[in-house]
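Reader: I'd like a close look at one part of this model, namely the packing. Please go through it piece by piece and tell me what your terms mean as you use them.

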Amino acid sequence: MSHVYGISGAGQSFVDEAVTIARDIAGPAAADVDANGRFPREAVAALQARGLTGLTIPADAGGKGQGPRVFCGVVEELAMACPSTAMIYTMHVAGI
C-alpha cells in the first residue's frame, strides 16, 4: 500500500519505528505529560535510541538522510499519540 506522503522503502521503516514509539511509549504517557506539564523523557529517549533525532541530517554527516516526506510521516504518527512529544521532536529537528 502506498503511503499518503509517497514514502516507501527505507523511509517507511522510520515511520514504522515512529508508529511503535507512539503506540508503546508516547501514547501511554501522553495524559501524564500534559496533566503535569512534564518533558516526555521516555518518548524522546526512544526516538534517540532508534536514531530518529538525526532523521533529516545527511547520511555522510552521521544522520539518516531522510527528507521532509519521511519527517512529516514520523511527526504525524507521534502527534496522533502525544502532541507534546511531536512538538518537541519537531523543534529538535527544526533546530538542527
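Author: Let's start with the naming: helices are DSSP runs of H or I with at least four residues, strands are runs of E with at least two, and both are numbered from the N terminus. With that in place, R50 sits in the loop between α2 and α3. Bear in mind that this is a predicted model, where local features need pLDDT of at least 70, side-chain atom pairs count only at pLDDT 80 or more, and totals for chains, interfaces and linings use all residues. Residues are numbered from 1 along each chain as its sequence is written, and side-chain values use heavy atoms, with hydrogens and water left out.

The helix packing comes next. For the geometry, axes are lines fitted to C-alpha atoms, for helices over the stretch in contact, and angles run from 0 to 180 degrees between N-to-C directions. Under 35 degrees counts as roughly parallel, over 145 as roughly antiparallel, 65 to 115 as roughly perpendicular, and the rest as oblique.

Take helix α1 (residues 10-36) and helix α3 (residues 68-81): their axes come within 8 Å and cross at roughly 20°, so the two are roughly parallel to each other. Contact here means heavy atoms within 4.5 Å. On the α1 side it involves G11, F14, V15, A18, V19, I21, A22, A26, G27 and A30, which meet V70, G73, V74, E77, L78 and A81 in α3. Sorted by class, that is twelve nonpolar, three polar and one charged. The classes go like this: Ala, Val, Leu, Ile, Met, Phe, Trp, Tyr, Cys and Pro are nonpolar, Asp, Glu, Lys and Arg are charged, and the others, Gly among them, are polar.

α1 also packs against α2, at about 160° with axes 8 Å apart, so this pair is roughly antiparallel. I21, I25, A26 and A29 of α1 make the contact with E42, A43, A46 and L47 of α2: seven nonpolar residues, no polar ones and one charged.

On to α3 and helix α4 (residues 83-94), whose axes are 6 Å apart at an angle of about 150°. That makes them roughly antiparallel. From α3, F71, V74, V75, L78, A79 and A81 meet P83, T85, A86, Y89, T90 and V93 in α4, giving ten nonpolar, two polar and no charged residues.

Now the core. A nonpolar core is a set of buried Ala, Val, Leu, Ile, Met, Phe, Trp, Tyr and Cys residues joined through side-chain atoms within 4.5 Å; buried means under 20% relative accessible area, exposed over 50%, and partly exposed in between (1.4 Å probe, protein chains only). The largest one has 17 residues, and L52, L55, V70, V74, L78 and Y89 have the most contacts inside it. At least two residues come from each of α1, α2 (41-49), α3 and α4, with α3 giving the most, five. L78 itself touches A18, I21, A22, L47, P83, T85, A86 and Y89, leaving aside residues up to four places away in sequence.

Not counting residues up to four places away in sequence, R50 touches E17, I21, I25 and K64.
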